Amino acid sequence: ALRRLAGSSFGAALQAVLDGALEKTSFALSGVAVVRNGFLVGERVYGYPPSSLFVINSATKSVTSMLVGIALGEGKLKSLNQTVGELLPEAAAKTPNSPAILVTLAEILTQTSGVQEIGGLKLSLLPDQVHRVLGQPVHRADPPVWAYCDAAISLLGQILVRATGASPEDYARRVLFAPLGIERFSWEHDSMGGAMSWVGVKLSPRDLVKIAWIMGDGGRWRGRQVVPERWAMESVQSRVAPTWRVPPMAVDGYGYLWFTGTLNGRPAFWGWGLGSQFTLMVPSLRLAVATAAARPRAEKANEQNTRVMGVIAEIVALAR
């Protein structure tokens, strides 16, 4: 339930920030949800029905990471050191000379696989998509270098299908969304009917904020262990330095499909979708914030990210 804090100084200040957030983001913001100490303390949807679902774009990757962690906890995946060849042996047998079959699960999750990106991946899905990815060159670096690659992340969908016997969508519904009380969501499919692992989920802001919240609360939801505690902790630890920036956040690292950094001097982690879809947690404040926003023109993306993150920074500044 939404905890009413209007009578408190935090509640009044939060409402003031939410009142001005739309204009401060040049009217790009679609929705915001704020959780403090496990309670939904603020929520606003701008220009849409309260029950609306919004695309979370590449924040889908953070959801996929959670599914990988759950599959590891269930023993359906063995370790992060497993290679693509071990995880997708039938596909690897058809491309035995592919350098991509030597890429490990850990390298995919940290965006250090070195697999060359496929331009327009979402628009060019083919029945042999896995083989197309396995046919890509691999440019490994020592030490590993962060390079954002949807093509590599797309392999996680088939890896989860083979390991769990279910599509990412169906697996998420059972092991993640249902335990979190997320009943309304959608998940875009590829040309073969499979749920995509790098993009495609739609959630309401109040459900999106749960994704970051449980990761900062040891993987627990209302006393139930949903994501393995160790995975929740290790996923949001920095393992490589990303090149993306989003002021006023000081971005300093990347875990298992989660960004890490410092906001207002406090460590934070977040999932990040194109167009400022954020699901963000500041563990020391027990504060989580999720945002939905319209897809910007390419030349406006950085500005929009900065404006939306600026609103989040204002919310974080209130929670002292």
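Q: Which residue of β12 is the bridge partner of Gly31?
A: In this predicted model, strand β1 (residues 29–36) is joined to strand β12 (residues 287–293) by seven bridges, and the two strands run antiparallel. Within β12, the residue that forms the bridge with Gly31 is Ala292.

Q: Which strands stand at the edges of the seven-strand open sheet?
A: The strands of this open sheet follow the order β2-β1-β12-β11-β10-β9-β8, with antiparallel pairing, and the twist from one strand to the next averages 20°. Two of the strands have a single partner each, so one side of each is left without a neighbour in the sheet. These edge strands are β2 (39–45) and β8 (250–254).

Q: Why is strand β10 described as largely enclosed by the rest of the structure?
A: Strand β10 (residues 266–273) has eight residues, and a residue counts as buried when its relative accessible area is under 20%. The strand is largely enclosed because the number of its eight residues that are buried is six.

Q: Which residue in the turn between β9 and β10 has a positive phi?
A: Strand β9 (residues 259–263) runs antiparallel to β10 and is joined to it by five bridges, with Phe259 standing opposite Trp270 in β10. The two strands form a hairpin with two residues between them, and the turn residue with a positive phi, of about 55°, is Asn264.

Q: What is the phi of Gly275, in the turn between β10 and β11?
A: Five bridges also join β10 to strand β11 (residues 277–282), again in an antiparallel arrangement, and Gly273 stands opposite Gln277 in β11. Three residues lie between the strands of this hairpin, and Gly275 in the turn has a positive phi of about 95°.

Q: Which residue of β5 is the bridge partner of Val55?
A: A three-strand open sheet has the order β3-β5-β4 with antiparallel pairing, and its edge strands, β3 (54–55) and β4 (186–187), each pair on one side only. Strand β5 (residues 201–203) pairs with β3 over two bridges. The bridge partner of Val55 in β5 is Lys202.

Q: How many residues of the contact of α1 with α11 are nonpolar, and how many are charged?
A: The axes of helix α1 (residues 9–24) and helix α11 (residues 301–318) come within 10 Å and cross at roughly 170°, which means that α1 is roughly antiparallel to α11. The contact is made by Phe10, Ala13, Leu14, Val17, Leu18, Ala21 and Lys24 of α1, together with Arg307, Val311, Glu314, Ile315 and Leu318 of α11. None of these residues is polar, and the division is nine nonpolar and three charged.

Methods:
Residues are numbered from 1 along each chain as its sequence is written. This is a predicted model: local features need pLDDT of at least 70, side-chain atom pairs count only at pLDDT 80 or more; totals for chains, interfaces and linings use all residues. Side-chain values use heavy atoms; hydrogens and water are left out. Axes are lines fitted to C-alpha atoms, for helices over the stretch in contact, and angles run from 0 to 180 degrees between N-to-C directions. Helices (H or I, at least four residues) and strands (E, at least two) are DSSP runs, numbered from the N terminus. Angles under 35 degrees count as roughly parallel, over 145 as roughly antiparallel, 65 to 115 as roughly perpendicular and the rest as oblique. Contact means heavy atoms within 4.5 Å. Ala, Val, Leu, Ile, Met, Phe, Trp, Tyr, Cys and Pro count as nonpolar, Asp, Glu, Lys and Arg as charged, and the others, Gly among them, as polar. Buried means under 20% relative accessible area, exposed over 50%, partly exposed in between (1.4 Å probe, protein chains only). Two strands pair if DSSP finds at least two bridges between them.
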